[in-house]
Amino acid sequence: MFKNYFKIAIRNLAKHRTHSWINIFGLSLAFLCSILLFLNAWFELSFDDFYPDKDRIYKVYCHSMGPDGLEDNASMPYPVASAVKTEIPLIESATRYIYNDKGLEYKGKQLDVRVNLVDDDFLKVLASPVISGSKTSPLKDPGNVVLTESAATRIFGKEDPIGKTVRIKVQEEPQELVVSAVIKDFPANSSFKFDVLARTELRSDYAAEKNNWNMWNHDVYVKLSKTASRQSVEKSMSYLFNRHTGIDTIQQKKAGYVKDENGMYNSLRLLPVDEIHFDNNIGSGNSIVSKTYIYTLLLISFLVLAIACFNFINLNIARAFTRTKEVGVRKSLGASRKQIFLQVWGESLIICVASVLVGIIAAVFLFPSFNQLFAAKLSLSFFYQPSSIIMLLLSILIISLCAGGYPALVISRLSVSGVLRGNVSLKKPGLFRNSLIILQFTIACLLMSCTLIAYKQFSYMREMPLGFNKEAVISFPVQSDSGRGMLAKFRNRLASQTSIISMTGSSINLGLGKDGSISKWTKGFEHNGKDVSTNWMTVDYDFLKTAGIVPVKGRDFDRAYGTDTSGAVVVTESMVKQLGVEDPIGFSFLEEDSAAPRYTIIGVIPDFHLYSLHEKKEPLTMQITTDFDIQYILIKTKSNNPTQVMSLIEKTFKEIQPDKEFKGSFLDENVDRWYQRERRLSILLGISAVIAVILSCLGLFALALLMTQQRIKEIGVRKVLGASVASINNLLTKDFLKLVLIAIVIATPVAWWLMNKWLQDFPYHTTITWLIFVLVGLSAVFISITTISFHTIKAAVANPVKSLRTE
């Protein structure tokens with residue numbers, strides 16, 4: 001019986017090729033889009049979900065409610081990790097985590113590997129499996145390092161790395177360290193990206209600052225005991241923190257700070273490790289993704305699939321009424337309602353299976369391009385998992401039942417007498433089919449509106465003035481033991497080049513360079529009874545000139561002043577406001593106590609965006625000091641031939657550092673990298689909107705074809721009676737056009753509300769204008785009229801004699 005059903009289904013699908021190919025193409029396209037988006041969302045949601053004790057692992061951050069809103073800070077002072085572990089029994093282990101990223105040298109060979117600094121407890125916190133070497137405490141000795149399996153292979157090849165000596169640079173100090181262990185590589189869905197782990201104590205500032213509770217420069221992670229509760233540990237940590245920092249709560253109250261539920265103005269909180277990847281404020285690294293973005297991917301995949309299903313339902317219902325005589329004959333010969341249902345539904349199931357297979361094959365071929373375009377990590381491994389196979393089979397069954405079951409149910413319930421008399425027809429779509437068409441175009445218009453608004457926000461962020469010049473300025477990481485030494489060599493070799501205007505160095509890159517590194521150094525101290533917090537940046541001469549920043553008061557650092565390298569600072573206007581001084585030039589302040597060196601302000605500059613527009617501008621202090629080296633070189637060039645200048649700089653770099661990769665880029669490229677997430681979202685929405693429009697048009701195309709076929713005799717009679725081509729076209733088009741207009745009316749307020757909520761997440765955002773919705777509405781009307789008119793005009797200009805002759 002089932003073999004007979006299958007044969008008849010194949011024959012019917014082959015007989016109605018146009019209808020079948022439209023269905024298969026539409027569903028395949030929808031499955032392709034949904035598979036790619038779902039897998040991307042699934043990968044992002046799986047971040048940091050694999051640690052054995054993930055429910056007990058947290059990241060520590062400082063929380064306060066200031067006069068301008070929430071003030072959360074993930075950077076911690078050096079003493080926090082050791083203090084919470086020592087004084088709070090409920091904390092089983094704690095570790096600092098500092099981004100170092102300086103590379104490694106072995107037997108004179110320089111290797112570009114990521115070196116991060118941690119404490120001995122790091123491997124205990126994350127329960128990292130040790131492959132070889134010391135399995136208990138491989139970082140107990142500050143002279144040891146731990147390598148990942150892939151890093152050990154890159155550095156040593158087939159050699160046994162255990163006991164070998166490598167050389168890494170921590171800040172300005174080269175360190176000779178011994179490999180004590182090799183651990184398994186962390187998977188791609190881990191927030192911790194490193195190749196080599198060394199001890200925090202190797203930092204040159206550690207001895208002087210290890211008891212300083214006001215220098216915030218690293219992350220802290222803790223692992224709670226099995227009996228500990230998050231709330232009780234947070235309360236204990238907050239009391240400890242306030243006791244050690246001695247923050248003036250009276251001054252904070254005057255400044256407008258608000259107490260939390262424990263009656264504290266400042267408290268330490270815990271963020272679960274599996275939430276780090278999704279928190280823009282507390283998360284680490286440049287791979288942070290908002291859950292809103294991930295849920296948007298899932299929503300888009302569902303909407304695209306929904307449009308395809310609506311098409312499938314509408315087309316199957318429409319074609320079902322062309323099979324009424326077949327159904328009538330079958331029923332008159334004894335076929336039951338169940339047999340009719342299984343026959344029609346079987347055809348839908350075959351189409352669904354074929355579409356899923358085509359979608360999966362296309363997705364596999366597109367994995368490399370998709371991964372490159374959207375920085376994703378999709379692979380075939382997903383399809384090998386039993387849960388994935390079950391999910392795909394369930395999807396096929398559910399979609400075939402939803403999309404094919406309803407039309408099969410409708411046609412199986414037709415009465416024999418009504419069918420054989422010819423009383424069943426499809427002159428006009430019913431309420432259900434009208435609703436599906438409206439939903440299709442509502443989703444398409446919604447995606448088009450969201451695409452335009454997302455792209456407008458992306459363009460706004462790219463084009464908004466940042467307070468520094470990003471045109472024709474090249475930046476690249478130093479990748480040398482001495483950053484200032486590297487800068488001096490560049491100045492000497494390129495001094496005669498007229499294409500270079502100025503050159504400088506800094507500890508922080510402007511924008512996101514090719515190395516993908518983001519660093520932030522914050523200092524906090526008390527001044528005249530007020531808490532002062534500022535980002536701190538080490539620079540070199542000509543920084544303001546190279547960045548195109550003009551001082552509003554005072555001057556830039558100058559070689560003519562010998563004191564500029566011993567305590568002189570350039571600050572932003574918001575820093576001056578914090579200090580509360582009217583005439584800042586020459587003003588001196590202390591970072592900590594009276595024994596610490598004084599800083600003297602020599603210049604004041606406007607606030608500028610040192611970081612992306614995802615963050616508000618913050619106070620900044622810049623200093624030339626030998627205590628901290630520069631990490632990046634910035635070169636301002638003449639803009640008439642930037643490519644040639646880039647080649648010159650790369651050639652010079654290779655002469656100085658022949659074994660290192662040159663990672664130079666223009667600042668405008670760096671700024672664009674800040675907003676890769678928004679660019680990807682606008683591209684995803686754009687592609688989804690195009691697919692949604694294509695699927696909606698396919699549905700209209702097929703429905704218009706079926707409608708004109710059923711009304712071909714009516715059209716012939718109207719033409720004989722004198723109806724014009726335009727009037728017939730309007731008659732056949734207006735019903736569909738009404739549905740599209742209703743969809744536009746529904747989609748407009750929904751799109752405005754959704755995107756307005758999305759824009760509120762940005763401190764700086766564009767505005768939503770009514771022109772966007774007008775453009776979307778006109779586009780939807782034009783596309784739908786063009787699609788429908790292909791068949792209606794063809795039917796209207798046909799010779800009525802041919803359509804009436806069949807009678």
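This report describes the overall architecture, helix packing and nonpolar cores of a predicted model.

**Overall architecture**

The chain comprises 24 helices and 25 strands. Its C-alpha atoms occupy a box of roughly 105 × 60 × 55 Å along the principal axes. Of its 807 residues, 54% count as buried. Among contacts between residues at least 6 apart in sequence, 80% link residues at least 24 apart.

**Helix packing**

| Helix pair | Angle between axes | Axis separation |
|---|---|---|
| H2 (residues 17-45) and H11 (residues 337-374) | about 45° | 7 Å |
| H3 (residues 79-87) and H7 (residues 230-245) | roughly 125° | within 11 Å |
| H15 (residues 483-494) and H18 (residues 642-656) | about 125° | 11 Å |

H2 passes H11 in a right-handed crossing. On the H2 side, the contact is formed by Asn23, Ile24, Leu27, Ser28, Phe31, Leu32, Ile35, Leu36, Leu39 and Asn40. H11 contributes Ile351, Cys352, Ser355, Val356, Val358, Gly359, Ile360, Ala362, Ala363, Leu366, Phe367 and Phe370. By class, this contact of H2 with H11 holds 17 nonpolar and five polar residues, and no charged ones.

The axes of H3 and H7 cross at roughly 125°, which makes H3 oblique to H7. Their crossing is right-handed. Ala83, Val84 and Glu87 of H3 meet Met237, Leu240, Arg243 and His244 of H7. The residues of this contact of H3 with H7 divide into four nonpolar, one polar and two charged.

H3 can also be described through its burial. Its buried residues are Pro79, Val80, Ala81, Ala83 and Val84. The elements covering these buried residues of H3 include strand S3 (91-99), strand S13 (219-224), H7 and strand S14 (267-272). Two of the buried residues, Ala83 and Val84, belong to the contact with H7.

H15 and H18 pack at about 125°, an angle that makes H15 oblique to H18. The crossing of H15 and H18 is right-handed. From H15, the contact draws on Met486, Lys489, Phe490, Arg493 and Leu494. H18 supplies Leu648, Ile649, Thr652, Phe653, Glu655 and Ile656. In this contact of H15 with H18, seven residues are nonpolar, one is polar and three are charged.

**Nonpolar cores**

The largest nonpolar core has 127 residues, of which Phe468, Leu510, Phe557, Met622 and Leu695 touch the most other members. Helix H9 (residues 291-320) provides the largest share of this core, with 16 residues.

Met622 contacts Met537, Val539, Phe543, Leu544, Phe557, Ala568, Val569, Val570 and Ile605, leaving aside its neighbours within four places in sequence. One of these partners, Phe557, is likewise listed with Met622 among the core members that touch the most others.

**A loop residue**

Proline 187 is located in the loop between strand S10 (173-183) and strand S11 (196-199). Its relative accessibility is 34%, so proline 187 counts as partly exposed. Proline 187 and arginine 677 are 490 residues apart along the chain, and their C-alpha atoms are separated by 22 Å.

Note on methods
Residues numbered from 1 in each chain as written. Predicted model: local features only at pLDDT ≥ 70, side-chain atom pairs only at ≥ 80, totals over all residues. Heavy atoms only, no water. Axes fitted to C-alpha atoms, helices over the stretch in contact; angles between N-to-C directions. Helix = DSSP H or I, 4+ residues; strand = E, 2+ residues; numbered from the N terminus. Left-handed = near helix turned anticlockwise from the far one by under 90°. Contact = heavy atoms within 4.5 Å. Nonpolar A, V, L, I, M, F, W, Y, C, P; charged D, E, K, R; others polar. Core = buried A, V, L, I, M, F, W, Y, C linked by side-chain atoms within 4.5 Å. Buried < 20%, exposed > 50% of the residue type's maximum accessible area, 1.4 Å probe, protein only. Parallel < 35°, antiparallel > 145°, perpendicular 65-115°, else oblique.
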